[in-house]
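I open this notebook to record what I looked up in one structure. The entries follow the order in which I consulted the model.

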Amino acid sequence: MAEETRTAPAAIDESLLEQELTRVKHQNRFMAVLRSTVSSLIVVAAAAVILAMLVLPVLQITGTSMTETLNDGDIVVALRGSGYKTGDVVAFYYNNNILIKRVIARTGQWVNIDEDGTVYVDNVKLDEPYVSEKALGDCDITLPYQVPDGRIFVMGDHRSTSLDSRSTSLGCISDDMVVGKLLVRVWPLGGIGPIQ
């Protein structure tokens with residue numbers, strides 16, 4: 001009877017095993033970092049959306065009622081709050097739109113406007129360096145006009161075309177209509193800066 005010879009199984013190449021183990025560890029580490037990065041991005045995006053909605057709304061300007069201060073297409077950041085003063089530029093809701101105007105007077109103050117468009121608040125002429133061309137505009141309110149309780153008298157900087165508190169169709173705005181005070185222009189890049 002012939003004797004059968006058996007050969008020993010081939011030795012596993014340890015270097016191949018180490019390479020595979022290193023590859024699997026690297027893949028697991030990569031996936032952990034990827035999950036962590038995606039989770040972080042989702043949290044940051046959610047925080048940015050909440051911040052934008054509740055504290056710092058970002059708005060795009062449409063129209064020409066605030067030229068020279070703001071132009072059609074500009075993107076601005078506003079700050080929610082209260083206590084707006086004369087000269088502040090505010091955004092507010094009107095007929096499912098957001099309008100941008102400048103605060104002229106607050107509750108109880110008297111507003112008067114001359115035929116040439118010069119504005120007086122409580123018989124004191126307003127210094128308005130932001131207005132390049134004064135005009136009485138679309139004014140159908142009885143002057144002098146006292147701002148009602150809980151209201152703000154607003155006007156656009158482009159006085160001849162702006163629909164604002166001088167017209168009874170818009171009138172004075174209530175505090176709860178205000179989205180916020182405009183702080184800074186962020187677009188176009190050449191115009192980045194605080195809104196005055």
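**Entry 1. The largest pocket**

What volume does the largest pocket have? I note first that the model is predicted. I found a volume of about 180 Å³ for the largest pocket. I then looked up the elements that contribute to the lining: β1 (58-60) and β4 (97-105) are the elements that give two or more residues to it. The largest share, four residues, comes from β4. I listed the lining residues as Leu59, Gln60, Ile61, Thr62, Gly63, Ser65, Met66, Ile98, Leu99, Ile100 and Lys101.

**Entry 2. The chain as a whole**

I next turned to the overall inventory. The protein chain has one helix and twelve strands. Read from the N terminus, the order of elements is α-β-β-β-β-β-β-β-β-β-β-β-β. The chain holds 196 residues, and buried residues make up 32% of them. Among the contacts with a separation of 6 or more, I found that 59% are between residues 24 or more positions apart. The chain exposes about 12,500 Å², and carbon and sulfur atoms supply 57% of that area.

**Entry 3. The four-stranded sheet**

I traced an open sheet of four strands in the order β7-β6-β5-β8, with antiparallel pairing. The strands β7 (124-125) and β8 (145-146) stand at the edges with a single partner strand each, so one side of each is left without a neighbour in the sheet. Within this sheet, I looked up the pairing of strand β5 (residues 110-113) with strand β6 (residues 119-121): the two run antiparallel and are joined by three bridges. Val111 has Val121 in β6 as its bridge partner.

Gln146 lies in strand β8. Is Gln146 buried or partly exposed? I found a relative accessibility of 38%, so Gln146 counts as partly exposed. Leaving aside residues up to four places away in sequence, Gln146 touches Gly108, Gln109 and Trp110. Between the C-alpha atoms of Gln146 and Arg106 I noted 9.1 Å, although the two are 40 residues apart in sequence.

**Entry 4. Strand β9 and its partners**

Why may strand β9 be described as largely enclosed? Strand β9 (residues 151-155) has four of its five residues buried, so the rest of the structure largely encloses it. I looked up its pairing on both counts. Three bridges join β9 to β4, and the two strands run antiparallel. In that pairing, Ala105 stands opposite Phe153 in β9. Two bridges join β9 to strand β10 (residues 173-174), again in an antiparallel arrangement. Here Ile152 stands opposite Ile173 in β10.

**Entry 5. Val178**

I followed Ile152 and Ile173 to a further residue. Val178 touches both of them, as well as Tyr84, Val90, Ala91 and Phe92, when residues up to four places away in sequence are not counted. Val178 belongs to strand β11 (residues 178-187). Its relative accessible area is 11%; the cut-off for buried is under 20%, so Val178 is buried.

**Entry 6. Backbone exceptions**

Most residues other than glycine have a negative phi, and most peptide bonds are trans. I therefore searched for exceptions to this general rule.

Where is a cis peptide bond present? One joins Thr67 and Glu68, with omega about 10°. Glu68 is found in the loop between β1 and β2 (75-79). Another cis peptide bond joins Trp187 and Pro188, with omega about 5°. Pro188 sits in the loop between β11 and β12 (193-194).

For positive phi, I noted Asn96, with a value near 60°. Asn96 is placed in the loop between β3 (89-94) and β4, and at 82% relative accessibility it counts as exposed. Asn123 likewise has a positive phi, of about 65°, although it is not a glycine. Asn123 lies in the loop between β6 and β7, and its relative accessibility of 75% makes it count as exposed.

Terms used
Residues are numbered from 1 along each chain as its sequence is written. This is a predicted model: local features need pLDDT of at least 70, side-chain atom pairs count only at pLDDT 80 or more; totals for chains, interfaces and linings use all residues. Side-chain values use heavy atoms; hydrogens and water are left out. Buried means under 20% relative accessible area, exposed over 50%, partly exposed in between (1.4 Å probe, protein chains only). Contact means heavy atoms within 4.5 Å. Two strands pair if DSSP finds at least two bridges between them. On a 1 Å grid over the protein atoms alone, a cavity is a set of points where a 1.4 Å probe fits but cannot get out, and a pocket is an open set with protein on both sides within 12 Å along at least five of seven lines; lining residues have an atom within 4 Å of a point. Grid points are joined across faces, edges and corners, and a volume is the space filled by probe spheres set on the points. Accessible areas come from the Shrake-Rupley method with a 1.4 Å probe; for residues, only the protein chains shown count as cover.
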